[in-house]
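Me: Could you walk me through the reasoning behind some labels on this model?
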Amino acid sequence: RYSLFYNRLKNIEENEGGLDKFSESYKTFGVNQLASGGVYCKEWAPGAEAVFLAGDFNGWNPFSHPYKKMEYGKWELFIPPGHDGYPPVRHGSKLKVVIRAQNGELLYRISPWARYVVRDEDKVNYDWVHWNPPQSYVHRHPSPKRLKSLRIYESHVGIASPEGKVASYKNFTYNVLPRIKDLGYNCVQLMAIMEHAYYASFGYQVTSFFAASSRYGTPDDLKEMIDVAHSMGITVLLDVVHSHASKNSEDGLNKFDGTDYCFFHSGPKGTHQLWDSRLFDYANWEVLRFLLSNLRMWIQDYRFDGFRFDGVTSMLYHHHGIGTGFSGDYNEYFGLHVDEDALCYLMLANHMINFLHPECITIAEDVSGMPALCRPVAEGGGGFDYRLAMAIPDKWIQIIKELKDEDWNMGNIVHTLTNRRYEEKYIAYAESHDQALVGDKTLAFRLMDAEMYTNMSVLSPLTPVIDRGIQLHKMIRLITHALGGESYLNFMGNEFGHPEWLDFPRRGNNESYHYARRQFNLTEDHLLRYRFLNAFDRDMNKLEERFGWLASPPAYVSEKHESNKVIAFERAGLIFIFNFHPYQSYVDYRVVAWHHSLIVVFKYKILLDSDAAEYGGHQRLDHSTEYFSEEYPHNYRPNSLMV
């Protein structure tokens with residue numbers, strides 16, 4: 001694998017002047033304004049017989065501005081400045097690349113490199129709009145330094161409002177970012193930014209890879225949003241989709257030049273059976289140029305601080321993970337079923353990002369457990385910084401769905417939370433956007449279900465269902481945060497147990513926005529119990545910020561008692577104790593005090609208590625109590641204390 005990576009990297013250096021120049025191709029491809037006032041246009045269309053540029057600037061004459069054919073399927077066009085010295089293609093004017101296909105048909109296409117596309121309300125397809133404002137947004141604040149402890153707030157701009165509409169970048173900037181900061185998250189991961197024609201695809205059917213979605217506002221609005229986040233010390237990650245592309249041809253990449261092999265594999269190999277989308281040919285030189293330049297553009301022009309790569313499992317294997325289980329056997333990760341070209345692309349991408357922008361972070365969404373995916377490329381690894389701990393949310397769903405409280409297995413919970421590859425960093429999460437989507441249920445909804453509609457008011461009795469749901473919601477989040485990885489992620493709204501599911505407007509729901517929103521206002525109503533969960537999530541993050549357990553070595557688990565339903569562990573100098581028993585409390589319960597010094601006696605105090613009144617608990621513990629460790633062996637350790 002490293003040999004394949006090294007040879008491709010060497011070819012880029014010898015033939016393209018290095019990764020730096022190669023990945024800045026976005027500055028020459030598409031339609032670009034020159035300092036002279038002229039316009040330079042460049043496209044890759046290997047299957048085209050002829051290429052033209054048409055638009056408002058030439059009265060939509062499809063043949064007046066032909067491109068010149070170059071080597072390797074590339075085409076270029078230079079348009080001199082007008083007689084008045086102004087650019088021939090004005091800011092805000094509409095354009096199309098006109099391609100004469102091999103069968104003689106004229107195809108009107110959006111450039112794959114288009115920076116801004118919009119859709120009029122009375123139209124189905126998107127239009128390419130030339131974006132070159134006289135005064136572009138200028139970033140004022142530096143990017144935050146690389147974080148040691150990542151607390152990620154997974155977000156979608158369009159649903160980030162209680163109102164039933166598509167919310168804006170401006171709304172997110174001034175209403176949501178302060179909320180994220182207050183909750184103690186230091187990183188926001190933005191979904192559905194790359195332009196996608198179908199809103200209900202959640203941004204995973206990308207049509208224009210270089211365009212920030214116009215349904216939320218302009219490119220400058222997004223730049224301002226990221227700049228304001230940086231001013232708050234918040235790192236901003238982009239959910240990047242390089243695993244596949246939309247099948248749209250009128251306003252997407254598919255059949256750009258009239259062939260099915262431009263950018264993608266030809267035939268059945270180029271189509272994902274389940275997603276009904278096109279699959280990139282990662283061995284193709286121009287595809288590598290396109291994808292690497294795409295990453296570079298988001299970093300340099302918008303100042304994103306890194307990426308969460310979606311669908312990595314689909315990329316890694318020729319079977320795309322369809323109908324395949326992964327047990328951890330190494331034969332599953334090495335062999336002819338592995339797409340080495342895709343893996344090489346990921347290695348190139350991570351090497352480029354690490355070499356040119358070492359402060360940036362990359363995350364892999366891989367369910368297979370590919371070994372060394374988060375080890376440096378120099379070791380033959382994939383080069384990612386983090387991978388998602390995707391088994392954890394599945395485990396919580398299985399436990400809540402299938403087991404009675406008294407049947408919860410403490411050892412199995414601990415195993416799932418600690419079972420990760422040595423020296424590879426994991427992002428732990430109890431639930432993400434996947435669990436919030438229609439057809440699934442969030443943890444809060446699984447725990448409390450219909451009673452969330454009637455019994456979340458403090459004026460109504462605290463029923464056993466709501467009481468159990470609120471307490472377990474907090475405990476599940478804290479143990480996942482503290483034990484499950486080296487980073488933590490939460491999907492917007494789930495921190496306070498957002499009611500109902502997430503469903504985008506579509507034919508099946510009469511184009512309703514009722515479920516395509518986040519009701520942040522619920523946490524501001526002091527008569528509702530949602531504020532308890534919100535406060536706990538905030539203080540949990542603030543405590544991690546203070547002690548940094550995510551950046552500490554893995555926890556030492558001293559107890560996983562099946563009959564007592566107690567889990568205890570130490571991390572970052574803190575002792576975490578969880579009592580999952582449905583009805584039994586304990587007095588004078590002995591737990592290990594794990595000391596890292598020669599001092600025998602330590603004094604401990606309660607820092608966070610899920611049973612505190614401000615978190616909707618029953619206030620059964622006295623927070624003024626001081627606990628002292630002693631030389632009393634317990635669970636094979638020399639020191640312990642009573643709680």
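Predicted model: local features only at pLDDT ≥ 70, side-chain atom pairs only at ≥ 80, totals over all residues.

Me: Why is Asp-310 called buried?
Reply: Buried means under 20% relative accessible area, exposed over 50%, and partly exposed in between (1.4 Å probe, protein chains only). Asp-310 has 8% relative accessibility, so it counts as buried.

Me: And why does Glu-365 count as buried?
Reply: Its relative accessibility is 13%, so the buried label holds for Glu-365 too.

Me: What makes Asn-331 exposed?
Reply: Asn-331 has a relative accessible area of 58%, so it gets the exposed label.

Me: Which residues does the UniProt "active site" annotation cover, and how do you know that they gather at one spot?
Reply: The unreviewed UniProt entry lists Asp-310 and Glu-365 (such annotations may be inferred rather than shown by experiment, positions are in the numbering used here, and feature names are shortened). They span 56 residues in sequence, but no two of their C-alpha atoms are more than 5.5 Å apart, so they gather at one spot.

Me: What makes the link between Asp-310 and Arg-308 a polar contact?
Reply: A polar contact is a pair of N or O atoms within 3.5 Å; within protein, one must be able to donate a hydrogen and the other to accept it, and residues adjacent in sequence count only if both atoms are side-chain atoms. The side chains of Asp-310 and Arg-308 are joined at 2.9 Å, and Glu-365 makes a side-chain polar contact with Arg-308 at 3.4 Å.

Note on methods: Residues numbered from 1 in each chain as written. Heavy atoms only, no water.
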